[in-house]
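Me: I'm new to this one and would like to learn how to read it. Could you walk me through a few features?

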Amino acid sequence: MVHRKGAWIEVWPLQGHNLGKIETSSDNELNRIKLNRELSEHVEKLWVPKSAKGWKSSWVPFIRRLSFDSNQTVSIHGGAMAFKEIDGINQAIENEMPIVSPDLSYNPCLSVGFLTATKDGKVIFQRRAQNVHCPNMLIHEPCGYMTSMAFAPRAECDKPEHATDSRLFDINAQLDDRKREIAETFGVPKELVSYHPEQDFLGCGWKTIETYFSTTGKIDADSRDLKLPEKQEVFFVPFEHLKELIYNQGRLSRVNPEGYRPSNYREIPLIDESLIGLVYGYERMTGDKLDIPQTIDRLNRDGLEIKVHDTSPGKSYDFPNSF
């Protein structure tokens, strides 16, 4: 992995596999992220004031290896890392601190989510707030870390035993928690929310600087009947406007989103996770055709640097777990 400048994205297509659970090793050393002394000290120093405010360092899986065997099976090997490690590593990468290798461009911690369509043919996005990572960009709902908070109370999510709990590594169980979250957010029964367990891809990019799985889902309700969450800017983007939103992202990747607030949602930059999610999930979600290689070529010509990895049988990839 080479440190990159600018708007880069990496994609590992998964050909619609239901991945099930992340495999962990019998060797406990392989199940934890390894930090050098300087980075470990940075992590702890950065966490002190947050811990004093009551923050909890939940457990999050990371990916160590992705492999594709001859019978079309996808295997994911990983372990667990503490959220405070994610927090410290991300800051070190973003600030190009010498305590982390300049060859490391992203954190292997894992998120899951699904682009959600409404019954009346719209996809739900929210604008990232000013005080969070990647402000003013659009991100789909729901998405987030695979986390011990999906099955443990916040006050107990950092307990050591949760780092080896099978529920932490169960992708479908974690997606069920996203399903519960979106139902509560928009005030609908959980039964009206569904998702495809088959994953479209694993990805990472210059904005998230983290790895994520992605699929699609829906709410069996019209957008006008959903309760809008307070203090969030929510956009319901009609299917017929999605291609224009996608195609604009090459050009918009050169825009500094700080203070950039266009009124036209088709001119709002998408976070890399949502952009690639739209490209790979477009046809299943809308029923309309989208030529993926052609779309990626167009986005690359317009300013992005998207690398699609070969995930044919026999291929395997190792991810960073030593910093």
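Reply: Happy to. Keep in mind that this is a predicted model. I209 sits in the loop between strand 9 (198–205) and strand 10 (210–219).

Me: What is the phi of I209?

Reply: Its phi is positive, about 45 degrees, although I209 is not a glycine. E96 is another non-glycine residue with a positive phi, near 50 degrees. You'll find E96 in the loop between helix 2 (83–94) and strand 4 (107–118).

Me: Now the inside. How many residues does the largest nonpolar core have?

Reply: The general idea is that in soluble globular proteins, nonpolar side chains tend to be buried together. Here, the largest nonpolar core has 71 residues, and L66, F125, I171, L202, F213 and L278 are those with the most contacts inside it. Helix 6 (residues 272–286) gives the largest share of this core, seven residues.

Me: Which residues does L278 touch?

Reply: Leaving out residues up to four places away in sequence, L278 touches L115, F125, L242, L245, I246, L270, M285 and L290. There is also a second, separate core of 17 residues, with V60, V100, L104 and F323 among them.

Me: And the aromatic rings? How many pairs does a search of the whole structure find?

Reply: A pair of aromatic rings is described by the distance of the centres and the angle of the planes. The search finds eleven aromatic pairs. Take W47 and W55: their ring centres are 6.0 Å apart and their planes are at 80 degrees, so this pair is edge-to-face. W47 counts as buried at 8% relative accessibility, while W55 is partly exposed at 42%.

Me: What about F201 and Y212?

Reply: They form an edge-to-face pair too, 6.3 Å centre to centre with 85 degrees between the planes. F201 lies in strand 9 and Y212 in strand 10, so the pair ties together parts that are eleven residues apart in sequence. F201 counts as buried at 0% relative accessibility, and Y212 counts as buried at 1%.

Me: Which residues do ring pairs link into a cluster?

Reply: W47, W55, F83 and Y145. One more ring to look at is Y247: R298 lies over its face, 3.9 Å from the ring centre.

Conventions:
Residues are numbered from 1 along each chain as its sequence is written. This is a predicted model: local features need pLDDT of at least 70, side-chain atom pairs count only at pLDDT 80 or more; totals for chains, interfaces and linings use all residues. Side-chain values use heavy atoms; hydrogens and water are left out. Helices (H or I, at least four residues) and strands (E, at least two) are DSSP runs, numbered from the N terminus. A nonpolar core is a set of buried Ala, Val, Leu, Ile, Met, Phe, Trp, Tyr and Cys residues joined through side-chain atoms within 4.5 Å. Buried means under 20% relative accessible area, exposed over 50%, partly exposed in between (1.4 Å probe, protein chains only). Contact means heavy atoms within 4.5 Å. Rings of Phe, Tyr and Trp (its six-membered ring) pair if their centres lie within 6.5 Å; planes under 30 degrees apart count as stacked, over 60 as edge-to-face and the rest as tilted. A charge sits over a ring if NZ of Lys or CZ of Arg is within 6 Å of the ring centre and within 35 degrees of the ring normal.
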